[in-house]
Amino acid sequence: GKRTTAYIRKGLPRGNKPRRTMASVATMTGTLIDSGCKHIIPTRVSLDTLLGLQESPDQNVILRDKMKYCAHKNDLLLCVNRPLFKQGRGFLAKNAAYPYVLSTLGGVAPVIEHAIAMYYAFQGEDEIQEDVEAMFQLGLAHVYDENLLPRLTEEEEQVYMQIFSRLPFFTFMGYSLGLAYAHPSSGDNVVSAMVGGMLSVQNGHFQVHTGDLIMWYFDFERPYFTDEGGRPENIEVVNIAPDRGADERRKTHLRENGVYPGGPGEGRDRNSGKTQIAYPKPYVLEFNRPPNWKDKRRVFARAMSNARPFDKLDLLICTQSI
């Protein structure tokens, strides 16, 4: 009737075009999606992998800042059972009954962040992809060309290249359904991971539309994507200021992880802050350009709702069909 028509029109801007910033169903109703069919397996947080990625490995730091390194409920978990490069085989956790996972990289150096982001953005010869030194030098050259970081000494470059060589082959494992600590002395380090089914999760930096294919990415990879979530024509750092609403939601989410925006490194230097985590984003294909096969390999779900940046997002995890 008239009331229904008036209600619908009230939610639309001029021109009767849907608003791009409309909140998701989960946010508007304060509810979470659920499904009767769930695929759940136990996983273990990998202490060895975390230590291998640190400049100065110290178990006491992981014990002290246990919430920074833990896998908390609804965290996106990445499997770290395989090495990315042949040189890193000896640094990964050995085979065990449960898959090894991480929900954070635990504060790797900024140069490692850019090297990882460059690895996923680069589409080149297989010989370069498999050569740890070539890939690291490629990322380092990009950092210097863009003036992102001060130049390193030869000794520092060798140290960071050794850390880069220990990177695991990250694959999507699932979403954490509980809490598990990285160090066994802090508590249980085994957590159930939901590897199939529907659930509501935290969206990342990009707008998501119903039906989009969803991939995962690290938070520090944001500058290597366009505003819509695609790859720029040339590998470059894209500086895009978020809108006010998205920035407020982002800061709220960071505070929930113990990161206080406005502090040094936006809270990165605070021991309790949890950064370098993985988020979901739409997998975007660019016209007249070949797809990025590394991004395609990271697809794990389909969006069941619209979601603004850092809004709640309903997902159907479908890794069993990939």
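In which sense do β1 and strand β3 pair, and over how many bridges? They pair in the parallel sense, over two bridges. The notes below take this pairing and the rest of the model point by point.

1. Ground rules. This is a predicted model, in which local features need pLDDT of at least 70, side-chain atom pairs count only at pLDDT 80 or more, and totals for chains, interfaces and linings use all residues. Residues are numbered from 1 along each chain as its sequence is written, and side-chain values use heavy atoms, with hydrogens and water left out.

2. Strand β1. Helices (H or I, at least four residues) and strands (E, at least two) are DSSP runs, numbered from the N terminus. Two strands pair if DSSP finds at least two bridges between them. Strand β1 covers residues 39–45 and strand β5 covers residues 190–202. These two pair in the antiparallel sense over six bridges. Thr-43 has Val-191 of β5 as its bridge partner. Strand β3 (residues 100–102) is the parallel partner of β1. There, Val-45 stands opposite Val-101.

3. Strand β2. In a regular strand the side chains alternate between the two faces of the sheet. In β2, Leu-76 and Leu-78 point one way, while Leu-77 and Cys-79 point the other way. All four are buried, where buried means under 20% relative accessible area, exposed means over 50%, and partly exposed lies in between (1.4 Å probe, protein chains only). β2 pairs with strand β4 (residues 171–176) in the antiparallel sense, over four bridges. Cys-79 has Thr-171 as its bridge partner in β4. β2 also runs antiparallel to β3, joined by two bridges. Leu-78 stands opposite Leu-102 of β3.

4. Side chains of opposite charge can pair when their charged atoms come close. The count here is seven salt bridges, each a side-chain nitrogen of Lys or Arg within 4 Å of a carboxyl oxygen of Asp or Glu. One of them joins Asp-75 to Lys-274, with the closest N and O atoms 2.5 Å apart. Asp-75 lies in the loop between α5 (66–69) and β2 (76–79), and Lys-274 in the loop between α10 and β7, so the pair ties together parts that are 199 residues apart in sequence. Both Asp-75 and Lys-274 are buried.

5. Salt bridges, the network. Which residues are linked in a network of salt bridges? They are Glu-221, Arg-231, Asp-295 and Arg-298. Asp-295 meets Arg-231 at 2.8 Å, N to O. Asp-295 lies in helix α11 (residues 293–296) and Arg-231 in the loop between β6 and α10, so this pair ties together parts that are 64 residues apart in sequence. Asp-295 also forms a salt bridge with Arg-298, and the closest N and O atoms are 2.8 Å apart. Asp-295 is buried, with a relative accessible area of 3%. Arg-231 is buried at 10%. Arg-298 is buried too.

6. A buried methionine. Met-215 is found in strand β6 (residues 213–218). Is Met-215 buried or exposed? Met-215 counts as buried because its relative accessible area is 0%. Its C-alpha atom is separated by 7.5 Å from that of Lys-296, which is 81 residues apart along the chain.

7. Positive phi. Two residues deserve a look at the backbone. Gln-276 is not a glycine, yet has a positive phi of about 55°. Gln-276 is found in the loop between α10 (244–256) and β7 (278–282), and is buried at 1% relative accessible area. Phe-310, also a residue other than glycine, has a positive phi near 60°. Phe-310 sits in the loop between β8 (299–303) and β9 (312–317). At 7% relative accessibility, Phe-310 counts as buried.

8. A charged surface patch. Glu-55, Glu-154, Glu-155 and Glu-156 form a negative surface patch. Patches are made of residues with over 30% relative accessible area and no salt bridge; like charges are joined within 9 Å, nonpolar side chains (Val, Leu, Ile, Met, Phe, Trp, Tyr) within 5 Å. Asp and Glu count as negative, Lys and Arg as positive, and His and the chain ends are not counted. The place of a charge is taken as NZ of Lys, CZ of Arg, CG of Asp or CD of Glu. Accessible areas come from the Shrake-Rupley method with a 1.4 Å probe, and for residues only the protein chains shown count as cover. Glu-154 is found in helix α9 (residues 154–165). Glu-154 counts as exposed because its relative accessibility is 64%.
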